[in-house]
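Dear colleague,

I am handing over the structure below, and I would be grateful if you could look through it before reading my notes, which follow directly after it.

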Amino acid sequence: MENNPSISISNPLPPETDTIQKIGLILFSIGILLFIIAGIGVGSEKPILFFSLSIGLSVGGALIYFIKKYLKEPAGVKNNRVWQNSLTSRGIFGFIFGIIITGFYVVLYWFPSVLDNLIRLMDPLSNLIRGKDADQWFLYGTLYTLAIVVMGIKAILKYRHSNYQIVRTSSIMFFQLGFAYLIPAVLQLFNHPEFYFSYFWPLKYEYLFPSTVNYLSEQPGALGVFMIFWGGVMTFIATPILTYFFGKRWYCSWVCGCGGLANTAGDPFRQLSDKSLKAWKIERWMIHSVLVFIVVTTSLLWINSYYQGAVLGNISGGFAKTYGFLIGAIFSGVIGVGFYPIMGTRVWCRFGCPMAAYLGILQKYISKFRITTNGGQCISCGNCSNACEMGIDVQAYAQKGQNIIRASCVGCGMCATVCPRGVLNLENGPLKGRINDNPILIGNKEAKLIL
Amino acid sequence: MSKHIVIIGNGISGITCARHVRKLSKHSITVISSESEHFFSRTALMYIYMGHLKFEHTKPYEDYFWKKNKIDLIKKFVKQVDTKNKLVLFSDGSSIGYDTLVLATGSKSNKFGWPGQDFKGVQGLYHLQDLENMEENTKGVSSAVIIGGGLIGIEMSEMLRSRKIGVIFLVREKNFWDNILPVEEAKMINRHLGEHHVDLRLEAELKEIKADSARRVSSVITNKGEEIPCQFVGLTVGVSPNIDFPKDSGIETQRGILVNEFFETNVTDVYAIGDCAEFRVPPAGRKSIEQVWYTGRMHGETLAKTICGERSAYSPGHWFNSAKFFDIEYQTYGNVPNVITTPLSSFYWEHSSGKICFRLVYDFQSKNLIGINVFGIRMRHEVFDRWLSEGRKIDYVLEHLPEANFDPEFYRKYEPEIIAQYNMESNKNLKLKARKGLLATFFK
């Protein structure tokens with residue numbers, strides 16, 4: 001028996017959900033329950049107590065659960081049962097969850113008074129970091145940031161075999177927590193304008209609207225002018241340069257908060273994006289239409305501002321309002337996040353975001369970025385396409401040995417992470433040979449002649 | 001002149017052949033399969049069971065592809081081929097005529113006549129129907145036994161473990177897959193199986209399968225007389241060419257359908273490719289039956305050329321293959337025998353984690369590169385293919401190893417460690433030539 005030690009004796013099968021995980025889940029549930037109770041009424045009476053208990057328990061409980069869940073297994077791809085679990089495969093729980101988040105967005109945008117007790121719950125924190133009472137957007141921003149941080153830690157545990165995913169997820173968490181949450185809050189604390197240094201026109205479309213530029217330029221001190229300058233430089237100079245070197249991923253999957261939420265809280269739903277050719281066709285029309293819409297809107301506003309309303313009257317303002325309602329609120333918020341469990345995590349990024357459209361054009365035509373395929377090693381298993389949150393049929397390229405150069409690719413790297421044969425790699429390389437429309441699959445001397 | 005090409009089998013070989021015939025000609029093409037309506041990736045079956053994918057995701061082409069490319073699909077079971085009248089006869093009594101027939105019927109799971117091998121809950125894993133059976137057979141199962149230490153066996157272990165089913169893995173060899181892998185690599189996978197709670201029993205063979213009164217498997221008995229209770233048995237002791245109907249159709253067979261280097265059988269206008277074909281004279285350094293995804297694809301590519309008028313012999317390049325053992329990826333380029341003897345020699349490096357390793361096999365006299373095994377590091381196919389063709393010396397290969405690295409950005413680079421060990425063992429002072437880092441991205 002020397003040669004066949006029975007591993008089962010020293011290495012018994014572990015239970016799927018162990019005691020520590022169960023404790024984590026209980027704490028999490030109590031935290032959520034307290035949050036709901038706070039929302040019903042008591043939140044405004046004892047905000048500090050309920051805030052610390054509900055947030056502390058739910059965050060702590062979730063972390064205990066995830067740390068135990070992932071660390072008890074060896075590092076590696078953890079996609080077991082995503083298509084068998086109701087929540088992550090458009091089952092009943094998926095739809096219920098989708099309705100809940102969609103409902104939350106509707107309430108947040110149009111019926112914030114419903115959330116009043118929860119907003120009051122945030123007052124102590126808001127006063128601490130912003131120097132004023134909370135509003136619905138502070139509540140939203142806090143929950144959003146918490147989701148990215150907690151689920152970011154989960155993503156790091158889940159993908160800890162990939163340094164690319166660890167570094168990238170850390171970057172997302174850093175930019176959300178710092179640039180999209182703390183810095184704008186502290187700016188307000190010191191009576192400066194609330195400004196998000198990680199969002200630029202055309203995603204943050206108001207930043208190049210005449211009204212914003214005028215408002216910022218009238219701020220005392222140099223900070224307002226710097227903000228205008230920053231916005232302009234990031235949109236027109238830094239974006240093309242960074243995209244040339246790294247592809248659009250430098251923004252979409254490393255900095256942007258929308259992508260940040262998709263890649264952390266939304267990670268369990270990434271496989272739900274539609275990979276069909278039809279979806280790709282719709283995507284191209286839609287996303288570029290939104291880009292045109294915002295370019296036209298911004299231009300009209302400036303023309304109107306130049307002529308001081310003499311030529312266009314209310315038309316440009318109407319454009320801006322329509323864009324804000326249709327695209328800014330309904331598309332990016334309600335559908336963009338609310339539909340995670342139905343259409344996957346990047347609905348907004350794929351079909352609507354004008355910044356993604358702009359970055360995509362740059363990525364497709366003037367960038368060193370591509371996803372390369374490794375010779376003839378592809379086995380057409382489909383894991384890469386499945387993992388693509390942007391709905392790219394990665395496999396269609398990989399099985400031909402063709403580089404993947406797609407405007408929509410956000411460079412999350414998940415296709416390369418899940419590939420079982422080491423076929424895919426995100427690379428920044430020379431422009432020459434970047435597009436290889438007639439690739440050869442290595443291995444067959446004959447095939448070199450016919451393709 | 002347009003011909004009617006009929007291809008039996010819609011796996012990677014048959015479909016690659018159909019696609020390439022379409023690229024090269026206007027022949028009419030019909031692909032027949034009784035397994036599935038559309039081409040799917042057999043290698044991805046495991047991911048369906050594990051819930052990573054659904055069946056539809058394993059189809060490499062969207063369903064519109066076939067009509068758009070004028071490739072007709074028939075889902076019927078072929079009973080026999082009438083080569084005299086050039087007819088394919090189906091089990092439902094219908095038939096279809098052909099000008100050129102391609103047999104790409106694949107394999108079937110081996111069964112070696114063990115007592116009890118047909119009990120309920122005992123199965124192999126090759127066909128889509130096997131997957132459906134496995135879904136059914138493993139419902140409510142808490143412990144399973146897998147027989148046979150190859151790729152399908154370890155895949156089945158991974159599948160079962162994804163559902164927290166206990167796995168006892170009986171392997172005839174001294175270490176996992178050590179008829180292919182050198183002992184160090186094989187032992188690495190032994191250990192990794194333990195990490196995933198697979199109870200690996202080495203040098204263990206199946207003697208008998210026992211069942212309960214409902215003819216459902218209840219235990220297996222090993223060659224050591226041990227009785228292991230279980231509710232599921234996976235038979236993964238290799239596959240053999242699926243040649244039932246060709247054998248009855250006057251097409252010459254041995255283990256597989258006998259073909260020459262042009263994939264021609266003994267019957268004019270009848271060819272065989274993929275798993276089911278057996279070379280009368282195998283290409284240099286190759287086996288007479290090649291049962292790998294990649295070789296199936298190459299067979300299809302080559303035969304398409306012949307069918308379209310340019311008679312081409314199968315002429316594969318350097319051997320390559322890959323697999324994944326739970327979390328450990330494996331790639332191989334060139335030839336790496338499991339036992340390395342003169343005139344070959346090898347250099348082996350293993351990371352302290354015991355999950356990453358690199359083996360370089362070379363000719364002891366000339367120091368020419370013969371092949372590599374790599375576990376846990378991704379390497380570029382194109383680079384090793386080139387180095388093998390150029391007859392590079394191992395010193396060159398080691399110095400230029402960063403050029404072959406295909407790991408994602410921010411991954412730890414192991415080349416310094418590898419070359420340091422080589423320098424120590426060979427008393428040399430080689431230095432890494434290329435670099436691949438953040439700076440290199442700007443200056444490439």
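Two residues are taken to be in contact if their C-beta atoms, placed from the backbone, lie within 7 Å. Please bear in mind that this is a predicted model, in which local features need pLDDT of at least 70 and side-chain atom pairs count only at pLDDT 80 or more, while totals for chains, interfaces and linings use all residues. Residues are numbered from 1 along each chain as its sequence is written, and chains are lettered from A and ligands numbered from 1 in the order in which they are written.

In chain A, helix α4 (residues 92-110) packs against helix α14 (residues 315-338) at an angle of about 155°, their axes being 8 Å apart (helices are DSSP runs of H or I with at least four residues, strands are runs of E with at least two, and both are numbered from the N terminus; axes are lines fitted to C-alpha atoms, for helices over the stretch in contact, and angles run from 0 to 180 degrees between N-to-C directions). That angle makes α4(A) roughly antiparallel to α14(A), a term used for angles over 145 degrees. From α4(A), G98(A), I101(A), T102(A), Y105(A), V106(A) and Y109(A) meet A329(A), G333(A), V334(A), V337(A) and G338(A) of α14(A).

Between the chains, 58 residues of chain B are in contact with 55 residues of chain A. On the side of chain B that touches chain A, α8(B) gives the most, with six residues; among the other elements that each supply at least two residues are α6 (183-195) and β12 (198-202) of chain B.

With best wishes

Technical notes
Parallel < 35°, antiparallel > 145°, perpendicular 65-115°, else oblique.
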